[in-house]
Amino acid sequence: MGSVELTCRCGFTFLNSTDNRSYVAHWVADQDLDQFWEQIDNAIEKSGPTAEEKEAACMNLRRHLLSARQTIWQCPECGCVYLFDAEGKPHDFSPEGDSLRNLLKSQGGVAATNTNN
C-alpha cells in the first residue's frame with residue numbers, strides 16, 4: 001500500500017506512491033507556461049548532436065517541469081477538489097450538487113484504459 005498524501009474530509013485516502021491515479025492531475029500555471037514551452041523547444045531544437053547533450057536537455061526539461069508543476073487532487077467519493085498553496089497547505093473546494101467525480105481522469109492516452117484507478 002502507498003503512503004498517505006492527504007485524507008479527504010469524507011474519509012477517502014489519497015495515496016502518493018502509486019502512478020496513473022485517476023484522481024490526480026498536474027498543472028502548470030499560465031504564468032509559467034511560456035517558459036515551459038521554451039524549455040521543450042530548446043530540448044528539441046538546441047540540445048546538440050550527441051546522446052549526452054540530448055539527455056542533458058531532457059533532464060533540464062524534467063527539472064523545469066517538476067519545479068513549475070503543481071498537483072491537484074479530486075476525491076472520487078465526494079468530488080471535493082484539493083489544491084496546495086506555496087507552503088504545501090491544502091485548500092479544498094466542494095462541488096455544488098451532483099458534480100462529476102472523475103474530472104481529472106485521462107481524456108485519452110494509455111492511462112485512460114486503466115480501470116483500476
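A polar contact is a pair of N or O atoms within 3.5 Å; within protein, one must be able to donate a hydrogen and the other to accept it, and residues adjacent in sequence count only if both atoms are side-chain atoms. The model is predicted, so local features need pLDDT of at least 70 and side-chain atom pairs count only at pLDDT 80 or more, while totals for chains, interfaces and linings use all residues. Residues are numbered from 1 along each chain as its sequence is written, and side-chain values use heavy atoms, leaving out hydrogens and water.

**Exercise 1.** Determine which residue forms a polar contact with the side chain of histidine 26.

*Solution.* Step 1: histidine 26 touches Arg69, Gln70 and Thr71, not counting residues up to four places away in sequence; contact means heavy atoms within 4.5 Å. Step 2: the side chains of histidine 26 and threonine 71 are joined by a polar contact of 3.4 Å.

**Exercise 2.** Classify the ring pair of tyrosine 23 and tryptophan 73.

*Solution.* Step 1: rings of Phe, Tyr and Trp (its six-membered ring) pair if their centres lie within 6.5 Å; planes under 30 degrees apart count as stacked, over 60 as edge-to-face and the rest as tilted. Step 2: tyrosine 23 is buried, with a relative accessible area of 11%; buried means under 20% relative accessible area, exposed over 50%, partly exposed in between (1.4 Å probe, protein chains only). Step 3: the ring centres of tyrosine 23 and tryptophan 73 are 6.3 Å apart and the planes are at 25°, so the pair is stacked. Step 4: tryptophan 73 is also buried, at 3% relative accessibility.
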